[in-house]
Amino acid sequence: RLDRIDIDGILESGYIEELIQDGVYTPFPTVYNTERPDAVAAGLLEGRVAIMVDGTPFVLLVPALFVHFLHAPEDYYQRYDISTLIRLLRYLSFFIALLTPSIYIAVTTFHQEMIPTSLLISIAAQREGVPFPAFIEALIMEITFEILREAGVRMPRAVGAAISIVGALVLGEAAVQAGIVSPVMVIVVSLTAISSFVFPTYNMAIAVRILRFMLMILAATFGLYGIALGLIGIVLHLCSLRSFGLPYMSPFAPFNWQNQKDTILRFPLWSIFHRPRLGNKANIIRQQSPKKAKPKPPQ
């Protein structure tokens, strides 16, 4: 694939990423990029290929599967129980960042019977003076937060984070006082934004941000049925993707029991004997035999 590239210049590794990836029309990243040497070394030990470009700090790792974008190098620097809990929080944050605004729009617009009566009365009282429907309200807040996020990135590092945080607080409070949005919507958008920062990789966070708006449109049109339809479409799209010939959703689909030791859960290192099956058939055994691997307590 590198030999097939015909271009007048490569200024950054993103050029190569776009020219060699399998899925072109997809928001999900199929090439992993990182600037951490430990992440690259761990990928090489798993049988993946690293592509380095002179003059840029980012290194490409291929193949890159869906689970790789929810793993972090710090998962292996702590005990397995702590790492498992943090991974579960990441997967939970993925669904919160993807579904929270759309579920709020669907429930408050079409399915009010699903909300407890006391909470429904509270939400109705807060939305009494809001002139917009829930979808327009969520759209205004989401677009405003995206603008603040990009402004914080472009600002100098010393003031960028402060600008985004202070701007979000001031605009949110002013919007509530002006009666443009309800306080519940501010909470929903804030929870969604905080959950999107949990992802270890920026590329997956961008994909979730794009799909969030699509699910909001489906929720405003068809309610929870639209969200279910959108989730089915996302799953079908993910299962159709490939990264350098490998199914993007493996080891979930196709299911591989051996590789489940290091996906959602992280088993102890002395119990993970095989490298991930990424197409390589040689040197599958990662360490010594299972009988000698588990450390024995001192006598």
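The following legends describe close-up views of a predicted model of one protein chain.

**Figure 1. Overview of the protein chain and its secondary structure.** The predicted chain contains 10 helices and five strands. Along the principal axes, its C-alpha atoms occupy a box of roughly 65 × 60 × 40 Å. Of the 299 residues, 43% are buried. When contacts between residues at least 6 apart in sequence are considered, 63% of them connect residues at least 24 apart.

**Figure 2. The largest nonpolar core and the surroundings of phenylalanine 66.** This core comprises 45 residues, and Phe28, Phe66, Leu238 and Tyr248 have the most contacts inside it. Two or more residues each are contributed by helix H3 (80-109), helix H5 (134-154), helix H7 (183-196), helix H8 (202-222) and helix H9 (224-240). Beyond its neighbours within four places in sequence, phenylalanine 66 is in contact with Phe94, Met204, Leu238, Tyr248 and Met249.

**Figure 3. Packing of helix H3 against helix H8.** The two helices pack at an angle of about 15°, and their axes are 8 Å apart. Because this angle falls under 35 degrees, H3 counts as roughly parallel to H8. The crossing of H3 past H8 is right-handed. From H3, the contact involves Phe94, Ala97, Leu98, Leu99, Pro101, Ser102, Ile105 and Ala106. The residues supplied by H8 are Met204, Val208, Leu211, Arg212, Leu215, Met216, Ala219 and Ala220. By class, the residues of this contact comprise 14 nonpolar, one polar and one charged.

**Figure 4. Threonine 100 within helix H3.** Threonine 100 belongs to helix H3. Its relative accessible area is 18%, and the residue is therefore buried, the cut-off being under 20%. Setting aside residues up to four places away in sequence, threonine 100 touches Phe95, Val188 and Thr192. Phenylalanine 28 stands 72 residues from threonine 100 along the chain, and the C-alpha atoms of the two are separated by 20 Å.

**Figure 5. Isoleucine 136 in helix H5.** Isoleucine 136 is located in helix H5. With a relative accessible area of 30%, isoleucine 136 is partly exposed. Methionine 216 is 80 residues away along the chain, yet the C-alpha atoms of isoleucine 136 and methionine 216 are separated by 9.9 Å.

Figure 6. Serine 243 forms part of strand E4 (residues 242-243). Its relative accessibility is 0%, so serine 243 counts as buried. Apart from residues up to four places away in sequence, serine 243 touches Asp22, Thr30, Pro63 and Ala64. Phenylalanine 244 is placed in the loop between E4 and E5. For phenylalanine 244, phi is near 55°, a positive value in a residue other than glycine. Phenylalanine 244 counts as partly exposed, at 26% relative accessibility.

Figure 7. The bond from valine 62 to proline 63 is cis, with omega near -10°. Proline 63 sits in the loop between strand E3 (59-62) and H3, and this proline is one of the residues touched by serine 243. The bond from alanine 253 to proline 254 is also cis, with omega near 0°. Proline 254 is in the loop between strand E5 (246-247) and helix H10 (290-293).

Note on methods
Residues are numbered from 1 along each chain as its sequence is written. This is a predicted model: local features need pLDDT of at least 70, side-chain atom pairs count only at pLDDT 80 or more; totals for chains, interfaces and linings use all residues. Side-chain values use heavy atoms; hydrogens and water are left out. Helices (H or I, at least four residues) and strands (E, at least two) are DSSP runs, numbered from the N terminus. Buried means under 20% relative accessible area, exposed over 50%, partly exposed in between (1.4 Å probe, protein chains only). Contact means heavy atoms within 4.5 Å. A nonpolar core is a set of buried Ala, Val, Leu, Ile, Met, Phe, Trp, Tyr and Cys residues joined through side-chain atoms within 4.5 Å. Axes are lines fitted to C-alpha atoms, for helices over the stretch in contact, and angles run from 0 to 180 degrees between N-to-C directions. Angles under 35 degrees count as roughly parallel, over 145 as roughly antiparallel, 65 to 115 as roughly perpendicular and the rest as oblique. A crossing is left-handed if the near helix is turned anticlockwise from the far one by less than a right angle, and right-handed if clockwise. Ala, Val, Leu, Ile, Met, Phe, Trp, Tyr, Cys and Pro count as nonpolar, Asp, Glu, Lys and Arg as charged, and the others, Gly among them, as polar.
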